[in-house]
Amino acid sequence: TIAMCFDEIPLYVRELIKAESSSNRTRTDNKLYLPELAKEKAEHTGRNVNEQLRVLKDMGSKCKVMMIAQGNRAEDFAQFIETQYAQIDPDLRPGIKGIALADTCIGNGVMESIEMLHGLKLMNIPKEYKNHVHLLGVGSLTRMMPVIELIRSGFLDSDLHVSLDSTSHTSAY
């Protein structure tokens, strides 16, 4: 019932040699955020979401789409989503489920989780789309503590629905 969008990422990733690591995806020392590409990538992502929503609607599917936010600062996440959202036809917007915050460009520490969640608060889109947030690749208790504490503090709404996934957990078994 929920699908991730096909996002475009404003990121340069240096390919690693085999001796460096087996996981290019989870490392942070081989990535460079390219802010000059953020608007273009967000627009392209928005067009992808629009096409995905159109196909789902034409199929009669009840599946809803999570828009993925990319960025390196709270403001980046907000601008990425706002730019993406502007590309989506108004008649298709009810097919949006929520926002998936990706740590791809920002890193995977506790402070980075806080910055991503701050970006959610800055997004100037209807609240109904910010009521469900998915944390991509966030599955450790350490990374979830900011979510819990920001809800407990009142910074994040207590009725916020939070979901997560973790490659570490699914790969570990």
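Visitor: Where does Thr-45 lie?

Guide: Thr-45 is in helix α1, residues 38–59. Helices here are DSSP runs of H or I with at least four residues, strands are E runs of at least two, and both are numbered from the N terminus. This is a predicted model, where local features need pLDDT of at least 70 and side-chain atom pairs count only at pLDDT 80 or more, while totals for chains, interfaces and linings use all residues. Residues are numbered from 1 along each chain as its sequence is written, and side-chain values use heavy atoms, with hydrogens and water left out.

Visitor: Why does Thr-45 count as buried?

Guide: Buried means under 20% relative accessible area, exposed means over 50%, and partly exposed is in between (1.4 Å probe, protein chains only). Thr-45 has 0% relative accessibility, so it counts as buried. Contact means heavy atoms within 4.5 Å. Leaving aside neighbours within four places in sequence, Thr-45 has contacts that include Cys-5, Phe-80 and Gln-84.

Visitor: What makes Tyr-85 and Tyr-129 a tilted aromatic pair?

Guide: Rings of Phe, Tyr and Trp (its six-membered ring) pair if their centres lie within 6.5 Å; planes under 30 degrees apart are stacked, over 60 edge-to-face, and the rest tilted. The structure holds one aromatic pair. For Tyr-85 and Tyr-129, it's 5.7 Å centre to centre with 50 degrees between the planes, and that's a tilted pair. The two are 44 residues apart, with Tyr-85 in helix α2 and Tyr-129 in the loop between α3 and β6. Both Tyr-85 and Tyr-129 are buried, too.

Visitor: How do you know that the charged end of Arg-93 sits over the ring of Tyr-85?

Guide: The rule asks for NZ of Lys or CZ of Arg within 6 Å of the ring centre and within 35 degrees of the ring normal. The charged end of Arg-93 is 4.1 Å from the centre of the Tyr-85 ring, and it does sit over that ring. Lys-121 lies over the face of Phe-155, at 5.3 Å from the ring centre.

Visitor: What makes β1 and β4 a pair?

Guide: Two strands pair if DSSP finds at least two bridges between them. β1 and β4 have three, in the parallel sense, and Met-66 in β4 is the bridge partner of Met-4. They belong to an open sheet of five strands, in the order β1-β4-β5-β6-β7.

Visitor: Why are β1 and β7 called edge strands?

Guide: Each of them, β1 and β7, pairs on one side only.
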